[in-house]
Amino acid sequence: MSRPVRFNIHPITADIKNNISLTDMPPGHTGEGFFATRLNDVVGLARKNSIWPLPFATSCCGIEFMALMGSHYDFARFGAERLGFSPRQCDLLMVMGTIAKKMGPPLKQVYLQMAEPRWVMAVGACAASGGIFDSYAVLQGIDQIIPVDVYVPGCPPRPEGIIDGFMRIQDLVGNESLRRRNSEQYQSLMDSYGIQ
Amino acid sequence: MNEHHIKLPEGSIEKISTTLNLGPTHPATHGVFQNILELDGERVVSAEQTVGYIHRAFEKIAERRPLYQITPLTDRLNYCSSPINNTGWHLTCEKLLGVKIPKRVDYLRIIIMELARISDHLICNSVVGVDSGAYTGFLYVMQYRELIYEIYEEICGSRLTTNIGRIGGFERNFTNTAFEKLDRFLAEYPAVLKEFENLFNRNRIFMERTIGAGPISEERALNYGFTGPNLRAAGVDYDVRVHTPYSSYEDFNFDIPVGRTGDCYDRFLVRNQEMWQSISIIRQAYQKVQDFKGAEAEVYHADAPAYYLPQKKDVYTKMEALIWHFKIIMGETDIPPGEVYHSVEGANGELGFYLISDGGRTPYRLHFRRPCFIYYQAYSELTKGSMLSDAVIVMSSLNLIAGEMDA
Amino acid sequence: MSLTNATIKERLIGKFGDEVSHFEEPYGLLSFESPKENNLKVMQFLFDDPELRFQFLTDLCAVHFPGQPGRELAVVYHLHNLQDNVRIRFKVFSGIEKPDIFTATQLFSSANWMERETFDFYGVNFVGHPNLKRILNVDEMDYFPMRKEFPLEEQTRVDKDDAMFGR
């Protein structure tokens, strides 16, 4: 998914005083270039097979996550062997369970402490949209406060469902361009959440 | 926190104590609650707990749902052992509505409730192991929790938040596969539990970690409202299944394991012993279920057409079934006004349901007496003066399930 | 001789006369009521009396009855006598303007958080409580959510259409 790089969209006509003549690159030769694309792929491959997740388990979905970590479903074979509990060291924030309004600020703090590139997976109906708890005390979906990459529906989702969500995250990670985090689309997404 | 009065131990050189914030984001397993500890070096001077990080307003939601729609809410109270919560709620409704339950249904309910108790105690005990550094026990027994989940799946379709049963019984009879899986569980699990006990019970390191950590005396435990394994570890043999038997528990023969000092080691041992007792109860119940022959062996719900939905094929063909179906779904059946308090022995203690009905289809007030919420108050007393690592072990051995604490 | 509801009722009337009233036995559980100033006296009596021995507080909650002026908030105590295995329910009523009720924390340590929860949900002010602040809801909340006049849903949510969700 390379974004075409645009040089000289307003070409300057040759000026005898500056002695520089600029011209467009012939079509078909613009883009990130062969080596950068290959680098993307390699970095993506390395990243997606060694994601360090942060299980932010609040309620019932957390127990399904524990079942996932067990030997029957074995999350470790996807490379997510090392679960971190420190956001500074983790790539993927897996929010599993209901987020109450009281829990919102800690969740946002944890998200802010993560370093780029970071991904967020909302596991379960409660994290995705508030779930069955349409009440005054529950945040109706974590995407009210942080941007989410993958939503896994279910109440609780089967461990296979969480694995499916994780594999989608792996697709996202593998296909991500190296420049995505600096692009203006991403910046505007962060701004809409009030995150610097 | 500013109102804290810090009393430093006599003669301590350090006059400044550190404030350590333990949570709300714990390393996975526990759930969301917060402990602010004042530490003097390694010793805990005082602890202040904050809960409510997963408050989902169950009681307010329950005022807007008809009785049968509250069962999924009760699932999410102590989500490690949902069938106990579900059955407790159904028993409360049946008490209010005056529905009489046949024996076979009672025995089947007992089977799933005891499986749920085993499932919850397995989580608690293996997590105590994980917190003291022994990850193996957790991985080993998770496999048998998967088998319990498979049994639930055969019966009600879902693994964790089961919504099992209906007011009046079950939604369908237990299939043969369910009984086969139960057979397999009863054949394989006792050996696993024995091995789990061998790993921990006389393990020198585990004993050093847990003996003496967070003891509580009988009087203090009773005053704090402890119930369940935590109270039994302190020496009081109060078990709701024995004192106020429900769902035919009086027909069964089982012991109540009791500890002495109420510390973490006692709680661990009491939970292990309760698992053995649960296995014995399941065997007895299974035997009794198999003793029903003929027509009795097909009974899986009470004869209460006013509250138990009729079979779909009858709804499409018979007039009475259609009328009952309509009345139940649209909420036209008569719920008698009144107030009832019913409690069951949850995995953590006495789980009580206080239901006030005003005759409408939704409760007027429903209050859950949640054992975790009540005994977590004692945490500061349990950890006063202990080391930081003991504070962590005490927290995990109390089996605090955040969903039940905050409701 | 075991402790029966009739005996308990007799002892209570013997000690408190007509301050205890509204004796009922719904589903076998003796339930009675007393004016709110006497709640500690009654509970202390039930605790100390050598025959009654209600020394375990099972539950403490409140109920809001908007239709009964002067008696809107009821605080309900469920007590349990563990030796004789008898339960009892005790209610005190209060008007909604000044819901001050004496705290039971001196008698039962378990009442501490239960009263905080009741305060959080209904606004019942427990006089003498060591730490009466909100426990389950956010600290900044300025209303008492379980009272009947307040709605269940969050009013500012935009993604759930009330018509489709059956409000």
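1. Strand 1 (residues 21–24) and strand 2 (residues 30–35) of chain C make a hairpin, with five residues between the two strands, and C:Tyr27 in the turn has a positive phi of about 55°. Strands and helices here are DSSP runs numbered from the N terminus, with at least two residues in state E for a strand and at least four in H or I for a helix. This is a predicted model, in which local features need pLDDT of at least 70 and side-chain atom pairs count only at pLDDT 80 or more, whereas totals for chains, interfaces and linings use all residues. Residues are numbered from 1 along each chain as its sequence is written, while chains are lettered from A and ligands numbered from 1 in the order in which they are written.

2. C:Ser31 has C:Arg89 as its bridge partner in strand 5 of chain C. Five of the six residues of strand 2 of chain C are buried, meaning that 20 or more other C-beta atoms, placed from the backbone, lie within 10 Å of the residue's own.

3. Chain C as a whole has three helices and seven strands, which follow one another along the sequence as α-β-β-α-β-β-β-β-α-β. Of its 167 residues, 40% count as buried, and its C-alpha atoms fill a box of roughly 65 × 35 × 30 Å along the principal axes. Among the contacts in chain C with a separation of 6 or more, 50% come from residues 24 or more positions apart, a contact being a pair of C-beta atoms, placed from the backbone, within 7 Å.

4. Turning to the interface with chain B, 26 residues of chain C are in contact with 29 residues of chain B. The elements of chain B that give two or more residues to this side include strand 4 (338–346), strand 5 (349–357) and helix 14 (371–375). The residues on the side of chain B that touches chain C divide into eleven nonpolar, nine polar and nine charged, where Ala, Val, Leu, Ile, Met, Phe, Trp, Tyr, Cys and Pro count as nonpolar, Asp, Glu, Lys and Arg as charged, and the others, Gly among them, as polar.

Note on methods. A residue is buried if 20 or more other C-beta atoms lie within 10 Å of its own, exposed if 12 or fewer, and partly exposed in between; C-beta atoms are placed from the backbone. Two strands pair if DSSP finds at least two bridges between them. Two residues are in contact if their C-beta atoms, placed from the backbone, lie within 7 Å.
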